[in-house]
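Keep the model open beside you as you go.

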4 protein chains.
Amino acid sequence: MNYQQIIEDIYEEVKPLLGKGKVADYIPALAKVDPNEFAITVADLEGNKYHVGNFEQKFSIQSISKVYTFAVAFSHLGDSIWQRVGREPSGNPFNSLVQLEKEDGIPRNPFINAGALVITDMLFDVLKEPRADILQFIIGLTGDSSIDFDKEVATSERENGYRNAALANFLRSHNNINYDIEEVLNLYFCHCSITMNTNELANSFLFLANGGVNPLNNERILSLSQTKRLNALMMTCGAYDEAGDFAFRVGMPGKSGVGGGIAAVIPGELAIAVWSPALNAKGNSLAGVQALELFTTKTGKSVF
Amino acid sequence: MNYQQIIEDIYEEVKPLLGKGKVADYIPALAKVDPNEFAITVADLEGNKYHVGNFEQKFSIQSISKVYTFAVAFSHLGDSIWQRVGREPSGNPFNSLVQLEKEDGIPRNPFINAGALVITDMLFDVLKEPRADILQFIIGLTGDSSIDFDKEVATSERENGYRNAALANFLRSHNNINYDIEEVLNLYFCHCSITMNTNELANSFLFLANGGVNPLNNERILSLSQTKRLNALMMTCGAYDEAGDFAFRVGMPGKSGVGGGIAAVIPGELAIAVWSPALNAKGNSLAGVQALELFTTKTGKSVF
Amino acid sequence: MNYQQIIEDIYEEVKPLLGKGKVADYIPALAKVDPNEFAITVADLEGNKYHVGNFEQKFSIQSISKVYTFAVAFSHLGDSIWQRVGREPSGNPFNSLVQLEKEDGIPRNPFINAGALVITDMLFDVLKEPRADILQFIIGLTGDSSIDFDKEVATSERENGYRNAALANFLRSHNNINYDIEEVLNLYFCHCSITMNTNELANSFLFLANGGVNPLNNERILSLSQTKRLNALMMTCGAYDEAGDFAFRVGMPGKSGVGGGIAAVIPGELAIAVWSPALNAKGNSLAGVQALELFTTKTGKSVF
Amino acid sequence: MNYQQIIEDIYEEVKPLLGKGKVADYIPALAKVDPNEFAITVADLEGNKYHVGNFEQKFSIQSISKVYTFAVAFSHLGDSIWQRVGREPSGNPFNSLVQLEKEDGIPRNPFINAGALVITDMLFDVLKEPRADILQFIIGLTGDSSIDFDKEVATSERENGYRNAALANFLRSHNNINYDIEEVLNLYFCHCSITMNTNELANSFLFLANGGVNPLNNERILSLSQTKRLNALMMTCGAYDEAGDFAFRVGMPGKSGVGGGIAAVIPGELAIAVWSPALNAKGNSLAGVQALELFTTKTGKSVF
C-alpha cells in the first residue's frame, strides 16, 4: 500500500490541532520547542519510507526510550525481570507513588517511571557500558550513527528530577534498586534525553513489526514470542494513563513521550512515528494521537 | 487451518492444571461445579467448529455477559456512552469502590462491575424488555433458542450482592444511575446468570472477529470501527486486574467470567471459548488462560 | 465564673462571620435555614445557664446524635463494640468509602457515617424500641419531653441518602451490619433528624462533664472511665476531617453536625453548645468553631 | 500527690508484658537494646521527681525529638508554619507517601516523618547552628549538659533512610523543602539520634505542663496559647496511627518514639516519661502505653 497520500491527507486534517495542547515545560530545553511542529514517517517491512512534515527535525524522545531499555533488559534477562516489575496497566498518573507503596515496591509495568528506573538498574547487570551500549543498540536499529544524547536536557532533568529521585529512593527502600541511586538516575535521564527524528524512530521500531528481527541486518533482537509480548505491553501500558483510550482510538501497540513523539507498529506490516510537541491533558501528543487514529481509520488497519 | 489436533494437544497439556485454583464459592450455585471440568471450542469464519472436552455442558457466563450488554448499548447510543463510563483499565480489583470515589462516580470502563451497572442502567433507555431483549440478542448470535437465565443463580446473587448494591447506590449518589436501583441490580444479576456452553460462547463472539457482522445472518451489529473498539476494550480491560498479563500471555482480545469461561477472538479469523471452573488469584480461569496461551503459541496467531 | 459577659462579647465578635460559609443544602429542609442564625448556651455543673442569640430555636442536630447513640451502645455493650468499629481519626472525608475498603469493613471510628451505621445496627441488639428509646435517653438528659424527630428531614434524608445506603450495603458485604439495611438506614436518619436548641444540647452534654452521671437525677449513664474515653473519642474524631484543627483551636472534646450545631465539654466544669448554620469547607459551623475558640481563649479554659 | 507507690505498682503490673512486642530492628544500633528494659519518671510542677526501673539508662529518643524541633520552629515562626504543614491526624502509617501525594506535598502534621522533615527544613531559616542549637534547647530544658547525639545511630539511620530520602525528594518536588536535601536529612537523623533517660525526658516536657514556661529558669518558651496548641497536636497526632487509641486509653497529650520512649503531660500538674523498648504493631512501646494507661486509671487524672 502506498501511504504517501494518506499521511498527506492526515497532515491537512490535523493542521487545525497544531499548537493546541501544551508543550512540556518542566525543563527549559523542552519548553522552547515550537508547538506547531509536526511530522509523520511510515516505514514498512518492504523497505519503503513515507514522510510528511518536519521529519528530519530531531526532538527529545523521552519515555519512548523505555522501549529500548526494556528490549535490551528483556533480551538479556528473559522472564526473570518479572520478579522486579509487573505487566499491568497502572490506572494512575505515570509517576504516581501510591500504587508503588501499596504493592511493596514492585512497579506495575516497565513503562511507568518507577518501572523504567528498575529496568535501568538492571542494565548495570547486563551491559558493560550501559550509557553507550543503549546508544549503540538504537544506532544498530536505525543505521544512523549520528543519534546522541542531549546533555543539556539530561542535566536539566536531573537537576529538577525530585520526583524520580523520590521514586528511586522509595524503590531502594524496598530493595528494588541495587546500584547507586545517583548513577541509576543519571543513566535514566541520559536515555530519556536522546534526540531522534520520526524517520529514525520509525526505523528503530521496525524490528517490533518484524517478529523481533532487525530488518537492516537480519539480526534477531528478541524471540517472536518476546516481541509479541513487548507489543502487548505497549498496547496495555504504552500511553501513560491513556493506554485504554489509545488502544480504543488507535488500535496499535505504541509508546509515547512527553517530547511529543509517538512510535507504533502494525505487526507484520509497518512501523509509524509521529511528532507534535503540544500535549493533551494525559501527557500524550494531542495532534499525534489524532494522526494515528486517522491512520488506522483511513487504512482500515489496526490489530483489532 | 485445522485446529482439532492443536486443541487436543492443549487439553493434554493442561490436564495437570485441572482442579488447581479455586471455584467461585460466594454463592452455592457456583460452588457446586466440578473444578475438573474443561472444554474448548474454536469457531472460524469459514464455518468450521472444533471442540474438545465437555463443550455441551452449560455454565454460568457471569461477566462475559458484559460484552453483550455493552455491545447492545454501544450499538444504540454510540459514543455518547463515554459521558457516563471511561475506557481505561482500572488497576484495581474488579469491584473496587476506591477509583470510583476518586473519579466522581464515572467507572473506569464498562467491564468492571460499576461500569457494567451503568451500562445496565442505559439498557432501560434503549430496550423495551431489557431482560428478554438481551437474551434474544444472544440467541440471534448463536442461533440457539435454548439459551436462558438461571433463576437460582440470579436470585442467589441478588441476595448476596451487597457489594454491587453498594456500587449501585454510590453511582446513584453521583447521579450515574437513573432507574430504580433494585431493578437495575435485578437486571444485572439476571444477565450474569445466563448459562451457555463453549460452543455457544464461541459462536456468539464470531461477530467480533467478523468486523461487526453476525455471520449467521449477515446482520450488522456494530460498525467496523465500533467492533475494533470493542475488541480494544476487551484487550485492555477484559480480564479484571490481570488484563495486562492476559494481553502479554495470550495476545487476543477476550473477556472472562468467574464461572470459569473465557471467550476471545482473532479479528478476521476466529473466535475461541474455553471453560474450566477453577480460578486463579485474579479471578480468571486458571487452566483457561493457560489453554489460550498455548493456543496462540502453537498456532503462532495473536494480534501482536 | 460568670460566662454571660464572655458569650455576649463572643456574639459581637463573630457577627461579621454570620452568613459566611454555606448552609448544608443536600436536602431542602436543611437548605431553607437562615444562615445568619446564631446561639450559644453554657451550662455549668453548678446548675447555671448562660445564653446569647436564638437559643430557643430548634435545629437539626444531625451528627451530634452519634454521641447519644454511641453512649447508649457503649453503656450496654462496653468494650465489645471495638470488635466492629475502631477509634482512630479517619484522615478522610467523613463519609469516605476508601478507608473502609482498605480496612475490611471496620469503620475507623463511631463518628464517621460508616461507624455510626454500625452503632445503629448494634442498637437493635440492646434496645426494644431503638427509635423511641434514643429519644427517651435524650429527654432524660435534658428533662425536656418536647424533643422529637423531624419526619420531613428524616424522609428527605432517606430519599437522598444513596451514599449512606452504599455504606450500609458495603458494611453488610463485610458482615458488619446484621439487621435489615432499610431498617438500619431509617433508624439512622431518624436520629439525625432530631431537633434541639442550644439550651437542650448543652444540658444533654452535661453528663460528659460530670463523670458520666446525669446531673438532673444523679443517674449514672457511663462509668467514669467510659466517660473519659467518650470525651477522648470526641477530641480525636468529633469534627470530621477537621478534628485536629478543632482540638488545636478549641481544645475541648466536642461533636459537630451539618445542621450547624456543635456541643462540647470541659470535664469537671461545663458543657457548651453553639449553633450557626453556615458551614466551613470541612462541614463544621464556621461561626460556631470561631465562637468556641474565642470561648477557650477568653476563659483560659481548655483541657490542654 | 505522692506518685512513688503508684508507679511501683504499675511496674509490677506491667512486668509480664516486658519483652512482649518487638524492638525496632531496622538499624543495628536499635536492634541490640534489651527488650526487657523499663523505666518511669514522674516530674511534677512542685519540683518532685518519682522514678522506677532503669531511669538513668539513656536510650534513643527518635520521634520524641519532633516535639523539640516543632517547639523551636513554632516559637520563631508562629502560625506561618501552617502554610507548609497541616495539623490533622494522618490516618495512615507514619511514613506514608500516599496522603502526601494526594495533598500536594503538604504533610498532614508535624509529627509524621514528612512533616518533621519540613519542620527540620524550617530550622535552617531560624537557627544559626541548627544541630547544636536544638541540643542546647534540650539542655536548657533539662539542665543536663551531658545530653548528646549518638553518631553511630545517626549515621546508620542515614545510610538506611531511603524512605525518608524519598519523602524529602518528594517534598522538594512540591517545593516544600528549600535547603539541600542531604543537609536536611542529616539534621533530621541527627536529632532523632539524641539519647536521653526518662528523668531527662520528663524534665524536658515540664514546660508543656507549665503553660510554656521552663520551670528551671522561668524562661518562656511558648505562649500559653501556643503551649495548649502543641499539647492538642500531641493528643491528636502524637502516637503515629494509634493516636486515637492512645487518647482513648491514656487521655494525656504525649509523643512516642520507636526507641520505646513516650513522654506525656497533664497540663498544670506534671510530666511523665516511660521507656520500654519492645514495640506494639503500631510502633509504640507496648509496656509503655500500658503503664501510662494504668497511671491515668490509678490517679484518676487525665485531661478528660
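Two residues count as being in contact if their C-beta atoms, placed from the backbone, lie within 7 Å. Please bear in mind that this is a predicted model.

**Exercise 1.** Work out how domain 1 of chain A meets domain 2 of chain A, and what the domain 1 side is made of.

*Solution.* 

Step 1. Start with the bounds: in chain A, domain 1 covers 4-62 + 194-299, while domain 2 covers 67-191.

Step 2. Count the contacts: domain 1 of chain A contributes 27 residues, which touch 31 residues of domain 2 of chain A.

Step 3. Find the elements on the domain 1 side: α2 (28-31), β5 (195-196), α10 (198-209) and α11 (224-237) of chain A each give two or more residues. The largest share, 5 residues, belongs to α11(A).

Step 4. Sort that side by class: 15 residues are nonpolar, 9 are polar and 3 are charged.

**Exercise 2.** Now describe the side of chain B that touches chain A.

*Solution.* 

Step 1. Count the residues: chain B brings 31 residues to the contact, and chain A brings 31 residues.

Step 2. Look for elements of chain B that supply two or more residues: these are α11 (224-237) and α12 (243-249). Of the chain B side, α11(B) gives the most, with 9 residues.

Step 3. Finish with the classes: the chain B side holds 12 nonpolar, 12 polar and 7 charged residues.

Definitions and conventions: Residues numbered from 1 in each chain as written. Chains lettered and ligands numbered in written order. Predicted model: local features only at pLDDT ≥ 70, side-chain atom pairs only at ≥ 80, totals over all residues. Helix = DSSP H or I, 4+ residues; strand = E, 2+ residues; numbered from the N terminus. Nonpolar A, V, L, I, M, F, W, Y, C, P; charged D, E, K, R; others polar. Domains from an automatic or database assignment.
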